[in-house]
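Student: I have the structure open and some questions ready. Shall we go through them one by one?

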Amino acid sequence: MSRDDNPDAYLLAVDRRTGKTLWKQSYDHTDGFGGTANTATPVLLKDEIIIHRSSEVVAYDSKTGARKWWVKIRSTGTGTPVAAPDAVYVATWYPVGEADLRVPMPEFSALLKQYDKDGDGMLSKEEFTGMIQLAQRPEVAVKGANITFPAAMFFDGIDSSKDGKIDKSEWEAFTANFTKATDHGLLAIKPGGAGDVTATHVLWKESKSVPEVPAPLYSGKRVYMVNNGGVVSCMDATSGKLLYRSRVGAGGAYFASPVMAGGNVYFSSGDAWSR
Ligand SMILES: [Ca+2]
Ligand SMILES: [Ca+2]
């Protein structure tokens, strides 16, 4: 697997004894937004390989590599799914998915003031050299906590008319689409479907305090998750009912997935990002 901007991204099955390629399944890389990571680890549930990527949670037949079912989402593709007997739990995190992560996008008039050197009321690639801040991570007080990318990375996606310039309507369409975060959440998905099961196989969804990187933990018919800042949520695995939500008392970024041992759940925080 690889990033969406890598044309060679694929899922590969290799015979563990001989190293021979059994099958190779390519991705469509044209979806997702520029900053997607797609770093989630694939997981196996019976004969299905389940992958969380920026545009879908998708299951492949482990024998043939055929696409079996998928749920359409929009996320960074960072959280590794967890396979339980009756459901797959996956945190689909999106940079503007929760109110405290959002930052206002600049108005087009402000961008013109800053970048429109030739004064034609549009932005060419040469002019639009700055950075775009897409979101923030207020719970993560270190460098790199603001989700900021070079404008050039998004330029071709924003320039929908493909004339090499961004105009007001193109900028507004981009910001409206980006800030529309409908799919962020911890999803419980019933496996074993066929084709697009977005409308039929999502058992429940919890949209608050969703992890960016850590996998959820399934144990004792409960699902636990921890987000940046250390808010822990515990849901009933079957119904999705929130049983409790609480701060563990340690802030900072959370990358490590929780583990269960001896009847306790262990969480590990860190703030070493970008240092
Ligand atoms: Ca211009
Ligand atoms: Ca244009």
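Student: Which protein atoms coordinate the calcium ion (ligand 1)?
Tutor: This is a predicted model. Distances from donor to calcium ion (ligand 1) run from 2.3 to 2.7 Å. The donors are Asp116 (OD), Asp118 (OD), Asp120 (OD), Met122 (O), Glu127 (OE) and Glu127 (OE).

Student: What spacing do the donors of the calcium ion (ligand 1) follow along the chain?
Tutor: Asp116, Asp118, Asp120, Met122 and Glu127 supply the donors. Along the chain their spacing reads D-x1-D-x1-D-x1-M-x4-E.

Student: Why is the arrangement around the calcium ion (ligand 1) irregular?
Tutor: There are six donor atoms. Six count as octahedral if opposite donors are over 155 degrees apart and all others lie between 65 and 115. Here the angles span 51 to 158 degrees, which makes the arrangement irregular.

Student: Where is Asp116 found, and which residues does it contact beyond its neighbours within four places in sequence?
Tutor: Asp116 lies in the loop between helix 1 (108–115) and strand 9 (123–124). Leaving aside neighbours within four places in sequence, its contacts are Leu111, Gly121, Met122, Leu123 and Glu127.

Student: Which side chain of opposite charge is nearest to Asp116?
Tutor: Asp116 is buried and has no salt bridge. A salt bridge needs a nitrogen-to-oxygen distance within 4 Å. The nearest side chain of opposite charge is 7.4 Å away, and that is Lys165.

Student: Is Glu127 buried or exposed?
Tutor: Buried means under 20% relative accessible area. Met122, at 24%, counts as partly exposed. Glu127 has 8%, so it is buried.

Student: Which residues supply the protein donors of the calcium ion (ligand 2)?
Tutor: The donor atoms lie 2.3 to 2.5 Å from the ion. The spacing in sequence is D-x1-S-x1-D-x1-K-x4-E.

Student: What angles do the six donor atoms around the calcium ion (ligand 2) subtend?
Tutor: The arrangement at the calcium ion (ligand 2) is irregular. The reason is the range of its angles, 53 to 159 degrees.

Student: Which strands stand at the edges of the open sheet, each with a single partner strand?
Tutor: The open sheet has five strands in the order 3-4-5-6-14, with mixed pairing. Each edge strand has a single partner, so one side is left without a neighbour in the sheet. These are strand 3 (43–45) and strand 14 (195–196).

Student: How many bridges join strand 4 to strand 5?
Tutor: Strand 4 (residues 48–53) and strand 5 (residues 56–61) run antiparallel. Glu48 stands opposite Asp61 in strand 5. The number of bridges is six.

Note on methods: Residues numbered from 1 in each chain as written. Chains lettered and ligands numbered in written order. Predicted model: local features only at pLDDT ≥ 70, side-chain atom pairs only at ≥ 80, totals over all residues. Heavy atoms only, no water. Helix = DSSP H or I, 4+ residues; strand = E, 2+ residues; numbered from the N terminus. Buried < 20%, exposed > 50% of the residue type's maximum accessible area, 1.4 Å probe, protein only. Lys, Arg positive; Asp, Glu negative; His and termini not counted. Contact = heavy atoms within 4.5 Å. Donors = N, O, S within 2.8 Å, 3.2 Å for Na, K, Ca; no water. Tetrahedral: all angles 85-135°; square planar, octahedral: opposite > 155°, others 65-115°. Pairing = 2+ DSSP bridges.
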